[in-house]
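Here's a quick briefing to read alongside the coordinates. Grab your viewer and follow along topic by topic.

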Amino acid sequence: NTGQAKFMRRLSSVMRKGRQIHLFGSDNTKASSIYVRSDSVDLCFGGNYCLDGGPNEERTASDDVRAQQRHGSDGYASLIAFVNNLQREQKKNDWKITLAQQTIGQHVRNGKSRSATTASSLLARGELRGPLLRHLIDSEIQVIRNLQLLTMPEEVDVADEVRAEYESIASRQKDGGPEVSAERVSKCANDFVGKAIHKNFHPTKGRFVMIRKFGVDLRQGKIHLKPKEVVPAKHLETLFYQAWERADVEADDRNRQCKGAHSVRAMEETFNMFHADSDNVNDSSDQNEHHHPHHPMFVMGLDQWQSLLELSLSIEHPNATNRIWTCGLTDGGLHNMFLSESKMWLFDLGEPNLEPIPAFLTKFLMSFFHTLGMEEDEEGDWVVRFEQDDASGKLRLTERTKAILPRVMEAFNIAMDRVIEELFDGEERIRVLLLRYVVTQLISDAAFCIEKWRIKGGGDEQRSEHQYFLEKWLWRALWDVYASEEIRRRYLTRMVFRKQRECRDLGPLGLSLLDSLKE
């Protein structure tokens, strides 16, 4: 039984595995080849490669090897020939190519497979500090400066166009017009905030709508749960159902305040928060009992995109609004970069886009917290960051997490200070925007985790029986929610209350907040 348990623990969430893919490349851009073997496929762009050999080593096709070679007049022609050839093989073999991300960066040396070290693994081990952290930040800043050089002059400035759209929306609503839905926002304005509007706040397909519906489905028993999924799902139901539905019952002119109070109560019933509010920012002695200013990001409503857009337009430093071409670096988090004392490599490219630097920095900054939910243990499973208190039923951080979190906070603070100083000339008002992006993206990624759980069969009685370890996605969603609230309480709330003690409404986080920070 013990041996069987260990074997089952090593299984991936998908039982059936296909051929391994070996990808090679070189400076020779006028040749490419594909080798199909019974257990693997070698995709060689630039010369001939094989796993146990090197460049330009001859290989002979046999019964279990089908070799296809293509040559082009230049790099682009060779790439197109390579893609067309691969496409034919995919159709012929009914291949589905998936990305085993943990193997990116592996290389063979002296007959042994070795892996490069990601910045996120260094952070989780407490090693991302000192010279290594400085090198990481230096490299990130240099990447951004290089992207600025690659951006065409006519691509840089669209702030006036976006501002005109925002002012038109605000004017129509001020005059009593209907509320403008996020789906009606232009692509230009959506890209200006890193695509955060359509992705998160679309009224029917947005991630913030999805997590609310998930809470309702859990409460109504519409989701099948396996035994190991019950505990994380119970806490997600408390967060995503209780914070909204209780307040909806009390729908009156204090509905926003009610939602804030219920959402805070839901957080308190779910987590023992790591951060103590020693500055007493939760004090309600001078306000109505039901008017609680501390609204977790996931209950601030689908209209919060307007204050986010307003905030992104309000900072005068050119680097705050001028766009850069991302070169496909759409997810530049610590988990998508290899780091050594001398180099940083970025991987996981996506579709290139044009967006301002603060939006581009979102994935980098949020990943200081987000990637702790993706740390792997010795068996290859994600580390669960919580344990449930037997007496209260609340989730508390594990001792290991409590030990590493202060170091993560310190690294995050250093990174934030450096980018503000070097990219925005110390303009302190940019900090609020960067933090707003971070806490919003963490909730967005919590929704992404729930979505992945359902795509992989979670919640479906028939499909989930063939899947293993899917509960990790629910635990990771809980961690993202926790991290978002920890950052909001620790940074945003304290910043506002220190600078603007008389203003207790953190909802919009708009220009009134920024005006106070000027003082």
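Predicted model: local features only at pLDDT ≥ 70, side-chain atom pairs only at ≥ 80, totals over all residues.

## The aromatic cluster

- W479 and Y482 sit three residues apart in helix 19 (residues 471-499), which puts about one helical turn between them.
- An α-helix has 3.6 residues a turn, so residues three or four places apart point the same way.
- Twelve aromatic pairs turn up in the model.
- Take F271 and F386: their ring centres are 5.4 Å apart with 35° between the planes, so the pair counts as tilted, since that label covers planes from 30 to 60 degrees apart.
- F271 comes from the loop between helix 11 (255-270) and helix 12, while F386 belongs to strand 11 (residues 386-388), so this pair ties together parts that are 115 residues apart in sequence.
- Both F271 and F386 are buried.
- For W479 and Y482, the ring centres are 5.6 Å apart and the planes are at 25°, so this pair is stacked.
- Ring pairs join F271, F386, W479 and Y482 into a cluster.

- Which residues of helix 6 are buried? They are A159, V162, E165, Y166 and I169.
- Looking down the axis of helix 6, the buried residues fall within an arc of 135°, so they line one face of the helix.
- Over on the other side of helix 6, you'll find D160, E161 and K174 exposed.
- The buried residues of helix 6 pack against helix 7 (187-192), helix 12 (304-313) and helix 13 (318-321).
- After helix 6 comes G176, with a positive phi near 90°.

**Helix 9**

- Helix 9 (residues 207-219) runs for 13 residues and covers 19 Å from first C-alpha to last, close to the 18 Å expected at 1.5 Å a residue.
- Its buried residues are R207, F208, I211, F214, G215, V216, D217 and L218.
- Helix 9 is followed by G221, where phi is again positive, this time near 70°.

**Helix 12 meets helix 17**

- Two packed helices are described by the angle between their axes and the distance between the axes.
- Here the axes of helix 12 and helix 17 (residues 430-455) come within 10 Å and cross at roughly 145°.
- The crossing of helix 12 and helix 17 is left-handed.
- On the helix 12 side, the residues involved are Q304, S307, L308, L311 and S312, and they meet V432, L433, R436, Y437 and T440 in helix 17.

- M416 is part of helix 16 (residues 399-423).
- Is M416 buried or exposed? Its relative accessibility is 1%, so M416 counts as buried.
- What does M416 touch, leaving aside residues up to four places away in sequence? The contacts are L365, R431, L434 and L435.
- Of these, L365 is 51 residues from M416 in sequence, with the two C-alpha atoms 7.5 Å apart in space.

Methods:
Residues numbered from 1 in each chain as written. Heavy atoms only, no water. Buried < 20%, exposed > 50% of the residue type's maximum accessible area, 1.4 Å probe, protein only. Helix = DSSP H or I, 4+ residues; strand = E, 2+ residues; numbered from the N terminus. Arc of directions from axis to C-beta. Contact = heavy atoms within 4.5 Å. Phe/Tyr/Trp six-rings, centres within 6.5 Å; stacked < 30°, edge-to-face > 60°. Expected span 1.5 Å × (residues − 1). Axes fitted to C-alpha atoms, helices over the stretch in contact; angles between N-to-C directions. Left-handed = near helix turned anticlockwise from the far one by under 90°.
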